[in-house]
Number of protein chains: 4
Amino acid sequence: MNYPPSVKKLIDLFSKFPTVGPRTASRFVFYLLRLSKEEIEELINSISNLKKTVKICSFCFNPFEGEEEFCPICSNPSRDRTLLCIVEKETDLLSIEKTKKYRGLYFILGGTVSRLKKADIEKLRTKELEERVKNHPEIKEIIIAINPTVQGEATALYLERLLKPFHKKITLLGRGLPVGGELEYADEETLSSALEGRK
Amino acid sequence: MNYPPSVKKLIDLFSKFPTVGPRTASRFVFYLLRLSKEEIEELINSISNLKKTVKICSFCFNPFEGEEEFCPICSNPSRDRTLLCIVEKETDLLSIEKTKKYRGLYFILGGTVSRLKKADIEKLRTKELEERVKNHPEIKEIIIAINPTVQGEATALYLERLLKPFHKKITLLGRGLPVGGELEYADEETLSSALEGRK
Amino acid sequence: MNYPPSVKKLIDLFSKFPTVGPRTASRFVFYLLRLSKEEIEELINSISNLKKTVKICSFCFNPFEGEEEFCPICSNPSRDRTLLCIVEKETDLLSIEKTKKYRGLYFILGGTVSRLKKADIEKLRTKELEERVKNHPEIKEIIIAINPTVQGEATALYLERLLKPFHKKITLLGRGLPVGGELEYADEETLSSALEGRK
Amino acid sequence: MNYPPSVKKLIDLFSKFPTVGPRTASRFVFYLLRLSKEEIEELINSISNLKKTVKICSFCFNPFEGEEEFCPICSNPSRDRTLLCIVEKETDLLSIEKTKKYRGLYFILGGTVSRLKKADIEKLRTKELEERVKNHPEIKEIIIAINPTVQGEATALYLERLLKPFHKKITLLGRGLPVGGELEYADEETLSSALEGRK
């Protein structure tokens with residue numbers, strides 16, 4: 001026995017959602033089949049409203065609701081306009097905001113690349129990034145806050161090269177032992193950074 | 001910084017999906033925000049089509065596509081109508097079908113209950129189950145194929161009591177060591193079942 | 001900086017212990033270095049006593065303490081001498097005893113083999129097993145209670161072939177869903193067995 | 001059926017080894033029972049030799065082999081005697097040595113404490129630590145390289161207070177994202193440290 005075509009189609013679409021595989025996607029579809037007509041309409045309306053009411057900030061690409069061109073962070077006059085923090089995705093921006101330790105602006109790159117192939121890099125917002133840095137001479141420091149994973153490091157390296165001509169201070173997030181970490185299980189690079197960054 | 005209301009609303013709706021928490025739900029919303037207008041429409045149409053094209057079988061509650069009243073399994077004349085297998089959910093039915101070892105009919109209960117409270121049990125299709133068994137004297141054996149978890153066992157016990165008055169043979173899935181299992185880590189009940197079920 | 005030779009030697013010996021890798025082995029050695037002279041002596045005496053006071057049963061290879069030739073299970077007149085249960089190792093015997101569902105005798109094979117090579121099989125007690133079965137015509141059923149892992153199954157297959165000429169009833173532990181298992185995550189073989197073994 | 005007393009005794013002793021529970025301890029005993037007389041003697045001799053041939057360094061408590069009073073690190077004239085690094089245990093010292101980024105001396109504290117109770121603290125080498133710092137005015141910086149776990153942090157806090165009267169520079173390992181870490185899963189403290197420690 002196989003899934004009917006309309007179920008299959010929706011499993012395919014849900015399988016493209018981040019972290020979702022075919023098994024979870026099929027559970028989503030069976031969940032929808034059990035919802036009432038009103039609940040389905042509520043979901044459809046919410047998805048359809050999203051694009052209508054949510055705007056993407058013209059500076060940092062952060063989604064927000066409102067008539068303005070810029071998001072609440074970018075339009076906040078008390079933020080430090082000499083700092084630009086490049087993050088991979090929207091949830092990373094929120095993680096940094098939660099620390100309340102950063103008062104500058106952001107730029108959401110839109111992903112990372114494993115290989116520095118042209119086709120891959122074009123999916124990132126590198127042109128928009130270059131433009132922001134070029135048009136905003138008030139920026140003094142650019143913080144590359146990309147995950148220190150293999151793919152993140154390749155992307156950070158690419159960004160460092162890309163932004164070098166603008167002669168700004170370029171920094172990376174500090175490496176070290178995370179809260180709850182143990183020396184015994186730390187790799188040599190993390191431990192070296194923790195030693196060098198002692199204070 | 002907080003999420004805009006329309007984002008929050010959709011995070012709430014996605015958080016009700018099975019296996020999805022708020023973090024994953026927010027990643028779903030940011031994923032949708034990056035889709036094109038056409039891709040959003042494709043998703044909305046697929047969700048909206050689901051309820052229109054997919055019917056729920058009048059006997060077993062299995063979803064299928066077609067004009068008929070009964071699903072392909074229930075309307076297949078070669079299936080054994082003396083066997084009825086009760087499963088918790090649609091994916092469990094598919095798991096059993098994949099083994100190709102079962103040729104009878106199914107009944108999708110729609111869930112399990114942790115407490116045998118009236119309010120909880122009313123969410124299950126117990127009335128429909130009783131009706132099926134009553135109206136189908138050709139059924140000789142009822143297989144309760146509910147997960148042997150704590151909640152599943154409570155539900156199985158309830159079903160056994162519920163179906164007792166119909167004087168059918170009632171069976172449960174065999175317990176034992178799963179493929180790849182080890183005696184050393186098996187609980188006593190599983191190991192006892194494996195010993196008793198040796199062959 | 002490297003470990004001193006006597007530390008290295010002991011790390012090597014502890015690394016051969018089941019489940020122990022070099023990292024854990026080195027923690028064992030540093031633990032010993034912190035013990036008092038009396039505690040070290042207690043450990044050494046206990047290890048040295050083990051071989052002196054613990055005998056291996058002449059029938060089943062189960063370790064026990066005493067002057068007798070046979071272990072308490074084998075010398076218990078109320079055990080059922082028509083049943084012989086082959087297990088891989090001592091802890092598996094204990095797991096089965098804990099269920100209190102088995103009243104026959106045991107035979108500890110001493111391991112499993114991944115390949116049916118002569119050199120590997122010679123490490124198992126297959127000759128002793130053949131001898132036991134040959135010399136004990138009262139045995140009616142032989143239960144192969146080996147883990148249903150890939151390696152265990154290869155060994156079980158080998159034992160079935162080995163014991164065939166003795167014309168005894170040969171059984172395997174029942175397969176099925178373990179307590180707490182879920183249909184959705186069960187492999188097809190386990191689910192097929194659970195269906196066939198329903199009761 | 002129960003374990004014989006001499007087996008039980010040894011299971012108890014092995015259960016005190018770091019990371020070992022009763023199940024693993026019993027597997028160790030069954031492993032020993034299968035060893036030859038010669039292999040058991042080799043193990044006993046190695047344990048017994050350990051205390052005889054391995055000395056504990058009179059300065060840092062690092063185990064080493066030799067006639068000298070001090071370990072190879074402490075007696076190496078090229079090590080930087082102005083730096084003292086406090087670690088919890090021997091394997092942590094080795095982890096730091098592997099990075100080849102540290103050229104100072106060490107002090108092995110011998111554990112951490114969860115509560116700052118006198119009875120607990122007396123198990124640590126705090127008196128010896130105070131003595132080292134007092135008698136070695138050449139020490140300029142003390143690096144507390146204790147795991148940033150809850151227990152480790154309590155211990156580090158205690159050490160900071162203990163060493164304050166000596167007016168040395170006291171530092172802690174840098175916090176931050178470890179190699180392979182992700183912003184999304186980092187706690188706020190780690191992310192704050194990573195931001196502040198950017199470079």
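1. Contact here means heavy atoms within 4.5 Å. Keep that in mind for the chain D and chain A pairing: 100% of the interface residues of chain D are also interface residues in chain A, so the copies meet through the same surface. The contact takes 43 residues from chain D and 43 residues from chain A.

2. Some ground rules before going on. This is a predicted model, where local features need pLDDT of at least 70, side-chain atom pairs count only at pLDDT 80 or more, and totals for chains, interfaces and linings use all residues. Residues are numbered from 1 along each chain as its sequence is written, chains are lettered from A and ligands numbered from 1 in the order in which they are written, and side-chain values use heavy atoms, with hydrogens and water left out.

3. On confidence: pLDDT is the predictor's confidence in each residue, from 0 to 100. For chain A the mean pLDDT is 92, with 99% of its residues at 70 or more. The scores for the model are ipTM 0.81 and pTM 0.72. Where pLDDT is low, the predicted coordinates should not be read in detail.

4. Back to chains D and A, this time their geometry.

5. How much area do chain D and chain A bury between them? About 4,000 Å², 59% of it on carbon and sulfur atoms. Buried area is the accessible area (1.4 Å probe) that two parts lose on being put together, summed over both. L183(D), L195(D) and R198(D) supply 17% of the area that chain D buries against chain A, more than any other three residues.

6. Now the charged pairs between these two chains. Side chains of opposite charge can pair when their charged atoms come close. The count between chain D and chain A is 6 salt bridges (a side-chain nitrogen of Lys or Arg within 4 Å of a carboxyl oxygen of Asp or Glu). One of the salt bridges to look up is K89(D) with E184(A), at 3.4 Å, N to O. K89(A) and E184(D) also meet in a salt bridge, at 3.4 Å, N to O. K89(A) sits in the loop between strand 3 (80-87) and helix 4 (90-99) of chain A, and E184(D) in the loop between strand 6 and helix 8 of chain D, so the pair joins two chains.

7. Chain D and chain A also have 18 residue pairs in polar contact, both residues at pLDDT 80 or more. A polar contact is a pair of N or O atoms within 3.5 Å; within protein, one must be able to donate a hydrogen and the other to accept it, and residues adjacent in sequence count only if both atoms are side-chain atoms. On the side of chain D that touches chain A, at least two residues each come from helix 4 (90-99), strand 5 (141-144), strand 6 (169-172) and helix 8 (188-196) of chain D. Helices (H or I, at least four residues) and strands (E, at least two) are DSSP runs, numbered from the N terminus. Helix 8 of chain D gives the largest share of that side, 8 residues.

8. Next, chains C and D. Chain C superposes on chain D by a rotation of 180 degrees with 0.0 Å of shift along its axis (RMSD 0.1 Å). The two copies are thus related as by a two-fold rotation axis. Of the residues of chain C, I44(C) comes closest to the rotation axis, at 3.0 Å (C-alpha). The same surface serves both copies, since 100% of the contact residues of chain C recur in chain D.

9. As for what is in that interface, 50 residues of chain C are in contact with 50 residues of chain D. The two chains bury about 5,000 Å² between them, 75% of it on carbon and sulfur atoms. There are 4 salt bridges between chain C and chain D, and K9(C) and E42(D) meet in a salt bridge at 2.5 Å, N to O.

10. Last, a spot inside chain A. S48(A) is found in helix 3 (residues 37-53) of chain A, and its side chain makes a polar contact with the side chain of K52(A) at 3.2 Å.

How values were computed. Least-squares fit on C-alpha atoms with pLDDT ≥ 70 in both.
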